[in-house]
Amino acid sequence: MSIHHLIDFNDLTTEEWNGISALAADIKSNPDKYSDRCKGKILATLFYEPSTRTMLSFQSAMIRLGGEIIGFDNPGNSSVSKGENLKDTITIISSYADIITIRHPKEGAALAASLYSRCPLINAGDGGHFHPTQTLTDLFTIEHTKGTLSGHTVGLCGDLKNGRTVHSLLRALNKLGKNTFYLISTPSLSLQPRITELLRANGNEVYEVTSLEECIDKLDILYMTRIQRERFDSEEHYREQSGRYILDAKKMESAKKDMMILHPLPRVDEIKEEVDYDPRALYFKQAQNGIYVRMALILKMITSGTNDLTDIEKYREYPKVRSCPNKACITNTEKYLPFLTYRTSDGHTACKFCDSEID
Ligand code: NCD
């Protein structure tokens with residue numbers, strides 16, 4: 001298997017996901033076997049946005065594989081603060097490192113970076129768009145608790161509009177199984193209709209509800225999320241939407257005895273600390289699983305032995321006809337990017353960087 005770049009979970013085939021999951025399970029049981037598999041290799045972690053788990057688990061994963069790490073967690077300390085564009089940063093770093101992981105506030109930034117990268121590149125979160133390695137963690141935790149990724153009733157609660165972990169997880173579950181989904185949010189923070197339609201088109205049942213109380217007793221899995229404060233246009237709008245969904249011991253009384261509670265973390269106020277002591281609370285275990293899946297992913301990608309992968313040559317003559325209407329899209333800040341589009345299944349044109357429909 002050779003995974004070129006990982007921008008979207010759905011870049012992986014089902015076979016590739018199964019390979020990562022099996023390798024992660026073996027790493028978890030036999031960590032010593034893997035302790036020098038990346039000896040002499042370098043991982044660069046380029047974090048243009050705050051992170052605790054994702055960045056540190058990537059770094060820990062590489063160190064546990066015997067490799068080394070370089071990078072920044074504050075672009076203010078890099079040449080980005082002098083005005084360097086993403087293309088130049090990636091062109092250079094990809095000749096210093098063997099594999100890159102990048103987090104960026106703009107949607108489509110990881111795809112943009114991958115066009116200029118000479119080594120494999122992993123999306124560690126691009127704005128409110130995707131977060132494929134959190135999905136690896138989520139799926140691994142579900143599979144190892146429930147035994148399967150299909151046939152469950154799954155509730156996703158909170159900021160479904162801006163939560164990139166939700167977008168990646170739903171698309172992955174849609175690819176790997178058939179489930180019933182309860183989408184629990186305020187109307188302002190509901191999931192993009194294009195994802196809801198995709199789920200329904202593939203035979204999943206989807207219910208959109210506004211309270212936890214009306215569905216918690218039906219759920220096999222509850223995926224709680226934080227309201228994504230940094231994606232709001234004003235603090236006032238954020239405050240209107242925050243504090244609405246709080247999981248506490250009282251609500252857990254109505255839940256199934258084996259309902260899994262997941263959360264990508266960080267938590268703000270959406271899960272009361274008292275719930276941490278409930279055996280159904282699996283979010284800390286979920287975060288720990290992040291190490292094994294990231295070790296497996298690094299191994300699978302780095303051993304593909306690729307070098308000089310840069311894709312931009314393919315797009316050199318690409319006409320730059322217009323820009324994306326989505327202000328959060330990377331094409332609006334990194335102006336040199338080719339404006340790549342694709343045709344959606346219902347005949348619309350969409351931006352390849354952020355998936356917004358253009359017409
Ligand atoms: C998530 C993220 O960054 O999208 N955190 C993470 O990577 N574990 C979720 C969040 O920030 O709310």
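How far from a polar atom of the side chain of threonine 225 does the backbone nitrogen of aspartate 159 lie? The distance is 3.1 Å.

## About the model

This is a predicted model, in which local features need pLDDT of at least 70 and side-chain atom pairs count only at pLDDT 80 or more, while totals for chains, interfaces and linings use all residues. Residues are numbered from 1 along each chain as its sequence is written, and side-chain values use heavy atoms, leaving out hydrogens and water.

## Threonine 225

Let's start with the residue from the opening question. Threonine 225 sits in the loop between strand S8 (221-224) and helix H8 (235-241); helices (H or I, at least four residues) and strands (E, at least two) are DSSP runs, numbered from the N terminus. With a relative accessible area of 4%, threonine 225 is buried (under 20% relative accessible area, with a 1.4 Å probe and protein chains only).

The side chain of threonine 225 also reaches the backbone oxygen of cysteine 157, at 2.9 Å. Beyond its neighbours within four places in sequence, threonine 225 is in contact (heavy atoms within 4.5 Å) with residues including Gly158, Thr165, His263 and Glu270.

## Around the ligand

Now to the ligand. Among the residues around it (a heavy atom within 4 Å) are His131, Gln134, Thr165 and Leu265. By class, this shell has three nonpolar, five polar and three charged residues.

Oxygen atoms of the ligand lie 2.8 Å from a polar side-chain atom of threonine 54, 3.0 Å from a side-chain N or O atom of arginine 103 and 2.8 Å from one of arginine 226.

Conventions: Polar contact = N/O pair within 3.5 Å; in protein donor to acceptor, adjacent residues only side chain to side chain. Nonpolar A, V, L, I, M, F, W, Y, C, P; charged D, E, K, R; others polar. Buried < 20%, exposed > 50% of the residue type's maximum accessible area, 1.4 Å probe, protein only.
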